Amino acid sequence: LEFGSFSVGTCQQHKFNTDRLMLLSRIATTSARTLVRPRAAPLARFLRHGSSQTVRSTAALIDPAVLSRDDSSKVGPGLHAAESLDALLHGSTKKPNAQNDFTETAVADGYASIAPTRAQTIAQPEQPEFTEVEAADHAWRQTNHIWSNDELDRVSIEKHEPVTMSDHFMKGVMNVLYHGFNFVTGYDPVDPSPRSVAWRLIILESFAGVPGFVAAGFRHFYSLRTLKRDHGAIYTFLEEAENERMHLLVCLKMFEASPVTRALCVAAQFGMTPFLALTYAVHPGSMHRFVGYLEETAVQTYDNLVEKTTTPGTKLHDEWDGLAAPGIAKAYWKLHDDAKWVDCLQHMLADESHHRDVNHTFATLPEGAPNPFISQHMKDFDRAATAHAVKKLNQ
């Protein structure tokens, strides 16, 4: 009896050991297969689960021949490309097929036959499509006002008198900046030197394009946030910012910006933009009042430059008299072919006087009121579009 019990126990122990060895053998075999199995690329692993069929369906929309991929009797580019694409998505370098073996290069070529790349579909020009002068024509974007001779003669130099406490504060800040700016640039209003004016205009115009963009950005986000209309003010401020930027580009055609000038432009932008943004966030009218006073100083500067340039015996007349206007200025303001630099100064003076009136108007405009300058924008666009159409018809 004891011997029988010992035999049964020995058999059970032997069976247990055998099962354990078989389990360990299976685990080892599975692990070895996993280690030596070709691994798909990360993108292929991501697309493997439920995406290959989506890609095939998309390819079928491009090439109906792909729909024949399940019919082994049809052999064609659609079948080969779809099968190759499926193989590539699953990490295989070759498609196991009795009739067709595809390498990665062949797969890529097949896929390219279904969906050409962007570089294949878009022609790459050897040279820019538009010249700098052609791009300066704003008939196809923010349309600027084209000043007539009568309008240029009627430009006023009037100034706004402060009324509220915020008006007085902004006027004081502007006075400090104006006189400090004159000191830094060496600008003498009595008989300014060309060098001081060049420095002054580049810095002034590089900063003058900031307030309009800040105002447009704030009003854009406010309209999105409150789900309300803007009543057209965004367009006015964007056109103002673009107009000031064009002033800068025109000035850069006439003057060379030194490293010191470039550094001051950066400092002015980084120093004043947070001030303007914070002011607009707290009280938009105050920022518009500040910009209105800023434009008053710009009007004063340009009026003085026009006067000195046309007055014999001054430094500006000796240096600038007879200088031709740059090409982008002629395209932007629609000037005559024989336009002079002083004509550009007159148009910039008119632009700045308009910005002055716009900002002083918005400083007191009630919230939600319609933009009073929309009708003028529409007239400017109609005139520019008509002139552009006539030009195309005459070509």
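**Close-up views of the predicted model**

**Figure 1. The lining of the largest pocket has 13 nonpolar, seven polar and six charged residues.** The model is predicted: local features need pLDDT of at least 70 and side-chain atom pairs pLDDT 80 or more, while totals for chains, interfaces and linings use all residues. Residues are numbered from 1 along each chain as its sequence is written, and side-chain values use heavy atoms, without hydrogens or water. Nonpolar covers Ala, Val, Leu, Ile, Met, Phe, Trp, Tyr, Cys and Pro; charged covers Asp, Glu, Lys and Arg; the others, Gly among them, are polar. Volume is the space filled by probe spheres set on points joined across faces, edges and corners. In total, 26 residues line the largest pocket, and R219, Y280, P284, E367 and G368 lie nearest its centre; a lining residue has an atom within 4 Å of a point. Helices α10 (194-226), α12 (259-282), α13 (284-309) and α16 each supply at least two lining residues. The largest contribution comes from α10, with five residues.

Figure 2. A search of the whole structure finds one cavity of 30 Å³ or more, a cavity being a set of points where a 1.4 Å probe fits but cannot get out. T236, E239, E240, H354, H355, V358 and H377 line the largest cavity. Two or more of these residues come from each of α11 and α16 (341-364). By class, the lining of the largest cavity holds one nonpolar, four polar and two charged residues.

**Figure 3. Helix α17 spans residues 374-394.** Its 21 residues reach 30 Å from the first C-alpha to the last, close to the 30 Å expected at 1.5 Å a residue (1.5 Å times one less than the number of residues). H377, D380 and A384 of α17 are buried. These three cover an arc of only 65 degrees around the axis, which puts them on the same side of α17 (directions from the axis to the C-beta atoms). M378, K379, T386, L393 and N394 are exposed on the face turned away from the buried side of α17. Buried means under 20% relative accessible area, exposed over 50%, partly exposed in between (1.4 Å probe, protein chains only). Helix α11 (233-254) is included in what covers the buried residues of α17.

**Figure 4. S156 sits in the loop between α8 (149-153) and α9 (165-185).** With a relative accessible area of 28%, S156 is partly exposed. Its contacts (heavy atoms within 4.5 Å), leaving aside neighbours within four places in sequence, are with V299, S353 and R356. The C-alpha atoms of S156 and D303 are separated by 9.6 Å, although the two residues are 147 apart along the chain.

**Figure 5. H347 is a buried residue of the model.** This histidine is found in helix α16 and has a relative accessible area of 5%. Beyond neighbours within four places in sequence, H347 is in contact with W147, L152, W333 and L335. For context, the protein has 17 helices and zero strands, and 39% of its 395 residues count as buried. Of its contacts with a separation of 6 or more, 71% join residues 24 or more positions apart.

Terms used
Helices (H or I, at least four residues) and strands (E, at least two) are DSSP runs, numbered from the N terminus. On a 1 Å grid over the protein atoms alone, a cavity is a set of points where a 1.4 Å probe fits but cannot get out, and a pocket is an open set with protein on both sides within 12 Å along at least five of seven lines; lining residues have an atom within 4 Å of a point.
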